[in-house]
Amino acid sequence: MVKERARILVVGGGYVGMYTALRLQRKLKRELQRSEAEITVVTPDPYMTYQPFLPEAAAGSISPRHVVVPLRRVLDRCRVVVGEVASIDHAKRTADLTTLATLEEGTGAQQLSYDELVLAPGSISRTLPVPGLAEHAIGFKTVEEAIGLRNHVIEQMDIASSTRDPAVRDAALTFVFVGGGYAGVEALGELEDMARYTARYYHNIRPEDMKWILVEASDRILPEVGEEMGRYTVTELRRRNIDVRLTTRLESCADRVAVLSDGARFPTRTVVWTAGVKPHPLLAATDLPLNERGRLKCTAQLTIEGTTHAWAAGDAAAVPDVTAGEPGKETAPNAQHALRQAKTLGDNIAHSLRGEPLETYSHKYVGSVASLGLHKGVAHVYGRKVKGYPAWFIHRVYHLSRVPTFNRKARVLAEWTLSGLFKREIVSLGSLEHPRAEFELAAGGKPPHDPRNDPKGSS
């Protein structure tokens, strides 16, 4: 029994936001039925994206709709509001909220009151002041970016196949990925695999005609899987004629020319930016304490330091790592911690409302897995190093077990089974990004965008 009626506001519908709300639904089931508690989830999108599946969605192994989880279906006892929190005044327990309706009405942000706050807005891409980056690069954090990138790669192959200009062909078949973490390596591995397969259906494009370049500022890639597996990954990628450049930075991509810090220049129509993330800007618009990196200062119980009734986890939170044995060490902002922290966070909010002692978040390191394309991968699991097909299989089994809901698990498994029995799809649906273009032209108007200014260089 909760001590008093509680209005719980969850900001963010990602890993932490969705799993915390889901946990609270179960822990506070009776209280929700008796209207002693209410849970409101504010999220920019009405779905949670399972990001580890984005590379496979980009390669066509999984349908885009199976990479996302509809929040309203999963959080059926919560109030889901599609919108964004612009600022938070925790001293007054209020949040300024903008939605599609407030934009249409022109009334400005509306104020939302709460009793308990869960801040889980996640992170955004960390960009640098690289000339041409904002105009020509594409990120790899959302399902829209993943599918847009797949369409774009196939479109570039169409351009290369039909052009008579060697310079245009060379630029179209050059793909530059910046960042050697999970996102960059897995996206590059899956898309290169997909493009190599697709090339067999073009009469004048061979796999060796394409240039795939991975740029990483440090001296290693995939640090999560260990130094030995990182070196193996570099060797495996280079064996596939992928140009891996370590201790190298992207200096410029203006005028569709990628200029690297080692002096290399690559005319290209494709620059994929996966060089890290930074805290969501909402955190700076609150009266809550932040550390020097802009993340919320948290305790091991996932409360925000120096405050009451405020909680955080995931990318937005600096959570002490109590298992490290080193003072000041924090848990890494990755999906493995986010999923586990959400469980503890949901339990602790329920404990707090009932006047019970809080749990301390601690974890046991399981390991890391990464896919390098179909039937290829690396893994470091329970201290054992695995590579090749076994690592790829472990990668699939692990993420299948972690994707939310039985519905999604069954659909993803069915798609994997079918993709093993039939050939890959090699269709580009780039027109989905501009669905009104054809009608506007037919109605005598102008196309809604100029292909020359398209950030992805789409035709």
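## Basis of the model

Helices (H or I, at least four residues) and strands (E, at least two) are taken here as DSSP runs, numbered from the N terminus. The structure is a predicted model, in which local features need pLDDT of at least 70 and side-chain atom pairs count only at pLDDT 80 or more, while totals for chains, interfaces and linings use all residues. Residues are numbered from 1 along each chain as its sequence is written, and side-chain values use heavy atoms, with hydrogens and water left out.

Helix 7, residues 143–162, has 20 residues and reaches 29 Å from its first C-alpha to its last, close to the 28 Å expected at 1.5 Å a residue, where the expected span is 1.5 Å times one less than the number of residues. Of its 20 residues, 16 are buried, and helix 7 is thus mostly covered; buried means under 20% relative accessible area, exposed over 50%, and partly exposed in between, with a 1.4 Å probe and protein chains only.

Helix 7 packs with helix 9 (residues 182–198) at an angle of about 35 degrees, their axes being 11 Å apart; axes are lines fitted to C-alpha atoms, for helices over the stretch in contact, and angles run from 0 to 180 degrees between N-to-C directions. On the helix 7 side, L149, R150, V153, I154 and M157 meet L191, M194, A195 and T198 of helix 9, contact meaning heavy atoms within 4.5 Å. By class, this contact has 7 nonpolar, 1 polar and 1 charged residues, with Ala, Val, Leu, Ile, Met, Phe, Trp, Tyr, Cys and Pro counted as nonpolar, Asp, Glu, Lys and Arg as charged, and the others, Gly among them, as polar.

## Nonpolar cores

A nonpolar core is a set of buried Ala, Val, Leu, Ile, Met, Phe, Trp, Tyr and Cys residues joined through side-chain atoms within 4.5 Å. The largest one has 111 residues, of which I8, I39, L75, L119, F177 and W212 touch the most other members; helix 7 supplies the largest share of this core, 9 residues. Leaving aside neighbours within four places in sequence, W212 is in contact with residues including V153, F175, F177, L188, L191 and A195, and also with E192, N241 and D243. A second, separate core of 16 residues includes L133, A137, A264 and F266.

## Helix 1 against helix 11

Helix 1 (residues 15–27) and helix 11 (residues 335–353) have axes that come within 8 Å and cross at roughly 35 degrees. Their contact has 11 nonpolar, 2 polar and 4 charged residues by class. Helix 1 is itself mostly covered, with 10 of its 13 residues buried.

Q336 has its place in helix 11 and counts as buried because its relative accessibility is 19%. Not counting residues up to four places away in sequence, Q336 touches Y365, V366, G367 and Y398.

## Two residues with positive phi

Most residues other than glycine have a negative phi. R93, in the loop between strand 5 (79–89) and strand 6 (94–99), has a positive phi of about 60 degrees although it is not a glycine, and R93 is partly exposed, with a relative accessible area of 25%. L302 lies in the loop between strand 19 (296–297) and strand 20 (310–312) and has a positive phi of about 70 degrees, but L302 is buried, with a relative accessible area of 0%.
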